[in-house]
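The questions below go through a structure one contact at a time. Each answer ends on the value or name asked for.

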Amino acid sequence: MTTEGYLEEWRHEDLITAGQHAALLALVRRQRFSVFLELNGLLYVGVAAIAGGVAWTVREHFASLGDAVILVSLTSLLAACGWYCAAHATPYSRDRVASPTFSFDYVLYLGCLVFASELTFIEYRFHLLDIDWNYYLLVSAAVYFVAAYRFDNRFVLSLALSTLAGWFGVRLSLWGLLYGYIHEVTLAYGGAVALAGGLLYRERIKPHFLETYLHVSANAILFALVSRSNDASSHLLWLIALLAASALTIERGIRLHRFAFVVYGVLYGYVGVTTRLLRPVLFRSETVVLAYFVLSGAAVVAALVLVARRFGRE
Amino acid sequence: MTRPYRVEEEQRVRVLDHVRDWARAGLLDASQAAAIESRIRTDLRRTNVFLRAGLALFTAVIAAASVGLVFVSFGISGRLATTLTFSGAAVVCFAAAEYLIAAFRVYRHGIEEACAAAGVVLLGLSAAAWTETSGLPMSNAVPFAIATLASFWVYRRFGFVYAALAAMACMAVALSELRLAQTTQRLVTAGAFAAIYVVARAAYLRHGDDFPGDDYALVQAAAFAGMYLFINVRLFDVIGPAGAKSVVTWFYWTSYAGTWLIPVGGLLLAIRGKDRPLLTVSLVLAFATLATNKPYLGLPRESWDPILFGVLLVVTATVVRRWLARGPGGQRAGFTAEKIFERDRDWLRTVATASVAWPHDMGAARPSEPAPSPFEGGRSGGGGGGAQY
């Protein structure tokens with residue numbers, strides 16, 4: 001039976017009202033067809049292309065254009081974006097706020113990307129912070145966080161999180177003592193992101209952003225633990241920490257029905273354990289290695305089937 | 001070809017998805033959705049998309065390791081033994097997919113999908129093992145031809161749309177191994193995609209958006225993209241070295257016209273039929289045409305090209321959105337810029353979250369070389385003598 005047939009049947013059985021029947025029929029017959037996603041796609045690609053083109057133009061033509069022209073152009077574009085956002089912004093709310101205009105989120109995103117280009121250019125040309133240039137990353141991340149929370153923008157939040165990751169990487173390795181400890185830096189970043197997301201969620205400040213924080217922190221922490229536990233010289237405690245983190249991620253994912261986290265936990269945990277277990281026999285016994293993959297793969301599949309049947313049924 | 005699932009079951013699965021979308025959009029209340037769901041629910045076992053991906057991945061690991069284990073344990077080598085082992089493993093994989101569906105009624109559950117996909121790969125490897133040392137002419141094309149047929153069979157048998165897309169990709173590779181002249185090869189491959197497009201479109205128009213029409217719509221859009229891919233001889237110039245040297249002049253300029261006509265034609269058809277997969281593909285192809293226009297005409301790329309491109313997209317989206325919003329009831333000819341389904345918002349959220357991983361390089365705007373200082377080389381003062389002095 002076709003969808004239209006089902007609608008007719010539900011109408012006759014009074015499962016849906018006449019109004020609902022008409023509205024749903026219009027959707028099924030494509031008498032009402034939304035291009036919301038396509039138009040958003042055009043805006044996102046457009047803004048990304050503009051920002052990329054601006055950065056490329058500055059890089060290629062700064063000598064012929066001159067500092068003043070570049071600074072005035074970038075500042076004008078930034079000011080235009082800022083003016084648009086200030087003029088159209090709705091009052092701040094701790095909860096989810098709908099975008100005031102169709103292109104608002106993308107104008108804000110463009111403004112943030114242009115801001116990054118301008119800061120980079122200023123530092124390159126005028127060396128204001130010189131060796132402490134990483135503070136630009138920290139300041140940028142702070143500006144993006146403020147903008148993301150003020151205007152409820154996930155694209156800018158992601159930009160803030162990736163810029164903060166850059167600052168962590170640069171700053172912590174500059175401290176010298178931590179030089180080379182990239183796993184610990186990633187771990188610290190993941191922990192900081194999880195902590196910030198959790199605290200903001202507890203304070204009910206844009207609680208719908210929590211999932212973005214958790215995706216980023218889960219991947220950062222698990223990746224760091226996998227990398228650290230795979231070092232030939234690493235202590236067994238790193239593997240135990242990885243297994244604990246994986247188990248926690250899986251448990252939270254199942255409990256909250258966020259199955260992406262279940263897969264993160266399973267994948268990172270499997271890679272960590274496999275690398276550790278197989279290192280002594282790798283290149284020595286192909287049979288053992290292959291048998292391990294068959295048996296361990298079967299165990300993981302069985303566990304995932306169990307989770308799928310009990311919790312993840314669609 | 002008979003499928004392990006009844007058409008009625010697959011239709012119900014699709015309708016169930018619609019009902020959930022409608023409930024999330026507030027078009028049905030929770031009790032109505034629950035009542036309808038209980039009526040149309042099937043005994044097919046489905047699972048969450050992430051668990052499905054995880055199950056598929058680990059099933060593929062098991063399949064690959066099992067075949068490897070057989071080779072290592074029995075010391076299999078030699079052309080015939082290798083071919084037979086791969087073929088036997090492929091049969092086992094297909095049988096496993098059939099068994100899982102028949103015994104457990106799994107539907108897009110990851111495991112049976114990975115088994116079927118492994119069967120295709122193993123059949124291709126079997127053909128490769130057989131033809132590798134055979135000395136047959138065009139022997140490299142045979143494994144891909146076998147993989148094409150196997151993928152197409154998997155699509156027909158199990159209904160996995162991506163198997164149809166894989167069949168098309170394998171077909172394109174098989175044709176590229178025929179050692180034809182560039183122009184001929186492009187014409188033949190584009191022609192094959194065009195034929196698939198025509199067949200899939202006819203099937204889509206016959207069935208509409210209901211199953212299996214929704215699957216044909218995806219196949220049709222993919223074939224349309226494949227046709228463009230082989231018509232546009234400058235496509236890979238955008239990301240790699242120039243690749244249009246060996247096509248004849250008439251084809252070069254005909255294909256240039258084609259790169260404009262195909263997206264425009266696709267957009268017109270998609271808008272007229274409100275065909276979302278074709279609309280999305282045509283938009284992407286239009287981007288590709290704009291990106292390859294300068295390479296086609298032999299014009300140098302400028303750093304501000306992306307800015308113009310971006311402005312064009314932003315202006316187009318804004319104008320279309322405003323035009324639609326000003327229509328009666330916020331729509332024109334049935335098109336609306338308003339969000340109807342929450343899944344559109346889900347997509348945007350996913351892209352926004354995933355954009356953490358995009359490179360946001362703060363060094364992108366860093367000038368590539370330092371500007372010459374006006375004080376260097378005595379250009380200022382001292383009579384303005386140049387650096388050479």
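A crossing of two helices is called left-handed if the near helix is turned anticlockwise from the far one by less than a right angle, and right-handed if clockwise. The model discussed here is predicted.

Q: Is the crossing of helix 10 of chain A and helix 11 of chain A left-handed or right-handed?
A: Helix 10 of chain A covers residues 236–255 and helix 11 of chain A covers residues 259–278, and their axes lie 7 Å apart. The angle at which they pack is about 160°, which makes the two helices roughly antiparallel. Their crossing is left-handed.

Q: How many nonpolar residues does the contact of helix 10 of chain A with helix 11 of chain A have?
A: From helix 10 of chain A the contact includes A:Leu239, A:Leu242 and A:Ile250. From helix 11 of chain A come, among others, A:Phe259, A:Val262 and A:Tyr268. Beside six polar and two charged residues, the nonpolar ones number twelve.

Q: Which element gives the most to the side of chain A that touches chain B?
A: The contact between the chains takes 81 residues from chain A and 74 residues from chain B. On the side of chain A, the greatest share, 24 residues, comes from helix 3 of chain A.

Q: How many charged residues has the side of chain A that touches chain B?
A: The side of chain A in this contact comprises 81 residues. By class, 49 of them are nonpolar and 23 are polar, and the charged residues number nine.

Q: How many nonpolar residues are in the contact of helix 3 of chain A with helix 12 of chain B?
A: The two helices pass each other in a left-handed crossing. Their contact contains six polar and two charged residues, and its nonpolar residues number 17.

Q: What residues of helix 10 of chain B meet helix 9 of chain B?
A: Helix 9 of chain B (residues 213–231) and helix 10 of chain B (residues 249–273) pack at about 165° with axes 9 Å apart, so they are roughly antiparallel, and their crossing is left-handed. The contact has five nonpolar, four polar and no charged residues. Helix 9 of chain B contributes B:Phe224, B:Met227, B:Tyr228 and B:Ile231, and the partners in helix 10 of chain B are B:Ser255, B:Gly258, B:Thr259, B:Ile262 and B:Gly266.

Q: Where does B:Pro212 lie?
A: Most peptide bonds are trans. The bond from B:Phe211 to B:Pro212 is cis, with omega near 5°. B:Pro212 is in the loop between helix 8 (182–207) and helix 9 of chain B.

Q: What phi does B:Arg108 have?
A: Most residues other than glycine have a negative phi. B:Arg108 lies in the loop between helix 4 (79–104) and helix 5 (111–132) of chain B. Although not a glycine, B:Arg108 has a positive phi of about 50°.

Q: What distance separates the centres of domain 2 of chain B and domain 4 of chain B?
A: In the division of chain B, domain 2 covers 45–179 and domain 4 covers 310–337. Taken over C-alpha atoms, the separation of their centres is 45 Å.

Q: Over which residues of chain B is the pLDDT below 50?
A: Chain B averages a pLDDT of 89, and 90% of the residues score at least 70. Where pLDDT is low, the predicted coordinates should not be read in detail. In chain B, the stretch with pLDDT below 50 is residues 370–389.

Technical notes
Residues are numbered from 1 along each chain as its sequence is written. Chains are lettered from A and ligands numbered from 1 in the order in which they are written. This is a predicted model: local features need pLDDT of at least 70, side-chain atom pairs count only at pLDDT 80 or more; totals for chains, interfaces and linings use all residues. Domain bounds come from an automatic or database domain assignment. Helices (H or I, at least four residues) and strands (E, at least two) are DSSP runs, numbered from the N terminus. Ala, Val, Leu, Ile, Met, Phe, Trp, Tyr, Cys and Pro count as nonpolar, Asp, Glu, Lys and Arg as charged, and the others, Gly among them, as polar. pLDDT is the predictor's confidence in each residue, from 0 to 100. Two residues are in contact if their C-beta atoms, placed from the backbone, lie within 7 Å. Axes are lines fitted to C-alpha atoms, for helices over the stretch in contact, and angles run from 0 to 180 degrees between N-to-C directions. Angles under 35 degrees count as roughly parallel, over 145 as roughly antiparallel, 65 to 115 as roughly perpendicular and the rest as oblique.
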